[in-house]
Amino acid sequence: MAYEKVNELNLKDTELRLGLPGTEQVKEEQDVSCVRSNKRQLQSDNEEESTTPPAKTQIVGWPPVRSYRKNSNNNNSVSYVKVSMDGAPYLRKIDLKTYKNYAELLKALENMFKFTIGEYCEREGYKGSEVVPTYEDKDGDWMLVGDVPWDMFSSSCKRLRIMKGSDALALDSAL
Amino acid sequence: MSEDEEDQSPPPSDLRSQQQQQRPPCSPNKSRNCISSSSQTFPDHVLENVLENVLQFLESRTDRNAASLVCKLWWKVEGLTRSEVFIGNCYALSPTRLTQRFKRVRSLLLKGKPRFADFNLMPPDWGANFAPWVSTMAKAYPWLEKVDLKRIFVSDDDLALLAHSFPGFKELILVCCEGFGTSGIAVVANKCRKLKVLDLIESEVTDDEVDWISCFPEDVTCLESLAFDCVEAPINFKALEALVIRSPFLRKLRLNRFVSLEEVHRLLLGAPQLTSLGTGSFKHDNQSEQEQEPDYAAAFRACKSVVCLSGFRELMPEYLPAILPVCANLTSLNFSYANISPDMFKPIIHTCHKLQVFWALDSICDEGLQAVAATCKELRELRIFPFDPREDSEGPVSELGLQAISEGCRKLESVLYFCQRMTNAALIAMSHNCPELTVFRLCIMGRHRPDHVTGKAMDEGFGAIVKNCKKLTRLAVSGLLTDQAFRYMGEYGKLIRTLSVAFAGDSDMALRHVLEGCPRLQKLEIRDSPFGDVALRSGMHRYYNMRFVWMSACSLSMGCCKDVARAMPNLVVEVIGSDDDDENREFVETLYMYRSLDGPRKDAPQFVTIL
């Protein structure tokens with residue numbers, strides 16, 4: 001998965017994409033479906049070549065689920081997550097739905113745990129800061145906060161961990 | 001609400017004469033007063049009275065339709081005594097025809113838009129307005145008691161007219177409707193003093209910021225059922241609590257997500273006679289001042305009569321065990337708005353031995369379904385919805401869950417199952433294990449997806465379903481399907497009334513098999529399948545006997561649709577356009593056609609062309 005491990009090189013060459021090998025075009029779909037589709041790549045090895053469907057755009061009205069139901073599920077996406085900070089005696093809980101973007105979330109975390117965090121950039125993570133915010137996603141993997149779009153993050157985040165000190169440095173240097 | 005009920009108008013074997021006389025033809029050999037030749041001396045009105053007294057006991061629609069075909073007298077008297085009318089397609093006839101034929105209607109069940117409109121396959125404002133019906137009935141049926149609408153556009157004015165025109169009005173049920181808001185509901189609540197049922201189900205209700213709960217009259221109400229889980233507007237809880245207290249007959253209550261768990265708790269303590277409860281939001285408010293959490297389980301324990309549970313919006317799973325005291329009695333459980341993991345789910349379901357109806361999200365996984373199969377031996381209806389309804393999402397449920405269900409729940413009658421992977425073997429197993437199946441709707445969310453183990457098309461699986469489930473009346477297919485699957489449907493699907501097809505089939509032959517082989521087919525909805533003019537023409541002998549045919553993104557030409565319209569004058573053939581440039585269009589975007597006794601409708605919007 002393109003966004004899976006923190007220490008994988010996130011370069012175009014090694015980037016996993018939707019589509020048969022040799023094809024240049026990458027469908028600019030919603031980001032979440034790109035992530036999901038990589039899992040399907042593995043499965044499609046079992047299927048006959050002729051039945052592998054072409055790269056998919058989101059089709060109107062498919063799957064046939066009423067928008068009423070879709071909207072309700074969006075309301076229900078996991079909201080409360082535990083937040084742990086290395087060295088802190090107890091955990092906290094926050095409702096991810098109360099934040100609209102990473103900036104708001106990080107500010108709230110800063111206030112809660114009394115730390116300051118550096119600027120995020122795609123290449124180097126939170127370079128120069130004493131703490132690194134990480135999260136556990138639906139698959140059980142620990143990821144760096146900020147790599148994926150906010151919506152994808154807020155629906156897949158199971159818990160947060162603010163890493164500190166030497167752990168954080170090790171993470172940074174691996175990037 | 002069952003969609004298996006038959007249409008109200010009798011199958012027109014001789015449609016033209018019906019058009020002329022508005023009466024079924026009477027055999028010329030029958031004597032004038034069709035009862036027996038020896039009673040020729042009795043005047044007609046005496047016989048009418050006798051017949052009235054007899055026919056008023058006939059309740060079933062099909063019986064009544066049959067009775068009305070006996071002769072003119074029976075037709076007339078049946079029309080006088082029918083109190084509940086079912087109209088499966090609001091455009092099949094005009095409101096005037098309804099009031100002319102049936103004189104003493106107390107209850108109307110009306111359906112409007114075709115089902116595929118739910119999935120944004122039709123532009124809004126297509127039609128199906130309640131207005132002409134309510135205004136006609138206001139004059140003709142002052143004693144009207146019940147209105148049950150599905151996919152109908154209802155305005156606040158319509159609701160106001162309803163509330164003012166029918167003093168004895170008792171039941172309002174709106175399913176998948178839209179066009180009204182809380183202000184319209186407030187008028188109904190206020191003016192309909194005999195109101196027993198107010199059920200708003202999966203409808204779009206605009207928030208007019210009206211406190212409609214407070215609009216119910218002050219004295220004791222007749223309310224038996226109040227459902228407003230789809231109303232996306234805050235509720236005056238104090239007023240609701242007071243309403244529940246002064247509604248001693250209230251048995252069914254479905255709250256919306258703006259009612260908190262603490263508030264549900266208070267309501268339950270005051271209304272232990274409830275049989276059906278839809279909880280609101282199922283999360284504890286951490287910010288609240290109370291030191292101790294309310295004993296939610298105690299409130300549920302007090303509700304000894306609850307057999308039907310739903311809601312669970314915004315669920316905090318750790319509070320789910322509060323419902324355990326009622327689980328042993330539950331016959332119906334709806335978790336389909338709650339994202340519950342298998343670990344949270346299993347302890348709950350293991351106590352639900354009497355469960356007959358179960359709706360849930362696929363977040364319970366195959367593991368959860370196995371738990372259902374192990375416990376719920378009385379299960380009749382299963383619906384599994386996708387938490388993440390996209391083609392390429394993860395699939396927490398698969399053929400494993402379905403197979404387990406088929407092995408554990410032998411009395412299963414109705415299945416709706418969304419998944420990402422399926423096998424023919426699982427369907428074949430289900431077809432053998434569950435002979436009582438009448439409804440089988442499988443949605444493999446990835447289009448054209450084959451059996452994920454064998455790589456073959458899903459033909460054999462669906463073939464087994466139609467062949468072995470001899471009571472099957474409703475079928476929805478998906479996955480990779482060739483013409484062979486449809487050959488099976490035509491050969492074995494003799495009782496099928498409703499068929500939904502999407503992204504399936506190879507050629508016209510597929511549709512031909514179905515149109516030629518399924519004599520009971522009433523409702524046919526097809527999208528994105530390679531069926532063209534040849535297929536459409538092959539069904540012309542059937543279309544007068546069907547409620548509707550929907551075909552979108554198929555290969556139909558405008559010319560062929562025009563031919564069909566010309567050949568069948570009592571068929572309304574609607575071509576619904578899209579935003580594309582019409583000139584360049586080779587194929588019709590959407591065809592929607594249905595029989596009508598009163599010709600094409602006058603309220604068609606611009607994007608609809610009636611051929």
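Predicted model: local features only at pLDDT ≥ 70, side-chain atom pairs only at ≥ 80, totals over all residues.
Residues are numbered from 1 along each chain as its sequence is written, chains are lettered from A in the order in which they are written, and side-chain values use heavy atoms, with hydrogens and water left out.

Chain A contains 5 helices and 5 strands, these being DSSP runs numbered from the N terminus (helices H or I, at least four residues; strands E, at least two). From the N terminus on, the order of its elements is α-α-β-β-α-β-β-α-β-α. Of the 175 residues in chain A, 37% are buried, where buried denotes under 20% relative accessible area, exposed over 50%, and partly exposed the range in between (1.4 Å probe, protein chains only). Among the contacts in chain A (heavy atoms within 4.5 Å) between residues at least 6 apart in sequence, 51% join residues at least 24 apart.

Backbone geometry was examined in loops of both chains. Most residues other than glycine have a negative phi, and most peptide bonds are trans. The peptide bond from A:Trp62 to A:Pro63 is cis, with omega near -5 degrees, and A:Pro63 lies in the loop between helix H1 (31-44) and helix H2 (67-75) of chain A. A positive phi, near 55 degrees, is found at A:Lys114, which belongs to the loop between helix H3 (102-113) and strand S3 (131-137) of chain A and is exposed, with a relative accessible area of 69%. In chain B, phi of B:Asp528 is likewise positive, near 50 degrees; B:Asp528 is located in the loop between strand S19 (523-527) and helix H20 (533-537) and is partly exposed, with a relative accessible area of 24%.

Strand S21 (residues 571-576) of chain B has 6 of its 6 residues buried, so it is largely enclosed by the rest of the structure. In a regular strand the side chains alternate between the two faces of the sheet. Here B:Leu571, B:Val573 and B:Val575 point one way from S21(B), while B:Val572, B:Glu574 and B:Ile576 point the other way. Two strands are taken as paired if DSSP finds at least two bridges between them. S21(B) is joined by 6 bridges to the antiparallel strand S22 (residues 590-595) of chain B, in which B:Leu591 is the bridge partner of B:Val575. A further 3 bridges join S21(B) to strand S23 (residues 608-610) of chain B, also antiparallel, with B:Ile576 opposite B:Val608.

Helix packing was considered in chain B. The axes of helix H15 (residues 399-408) and helix H16 (residues 424-433) come within 9 Å and cross at roughly 15 degrees, the axes being lines fitted to C-alpha atoms over the stretch in contact, with angles from 0 to 180 degrees between N-to-C directions. H15(B) and H16(B) are therefore roughly parallel to each other, a description applied to angles under 35 degrees. Residues making the contact include B:Leu402 and B:Ile405 of H15(B) and B:Leu427 and B:Met430 of H16(B).

In helix H18 (residues 483-492) of chain B, the buried residues include B:Phe486, B:Tyr488 and B:Met489. Among the elements covering the buried residues of H18(B) are helix H17 (459-468) and helix H19 (508-517), together with strand S17 (474-476) and strand S18 (498-502).

How values were computed: Parallel < 35°, antiparallel > 145°, perpendicular 65-115°, else oblique.
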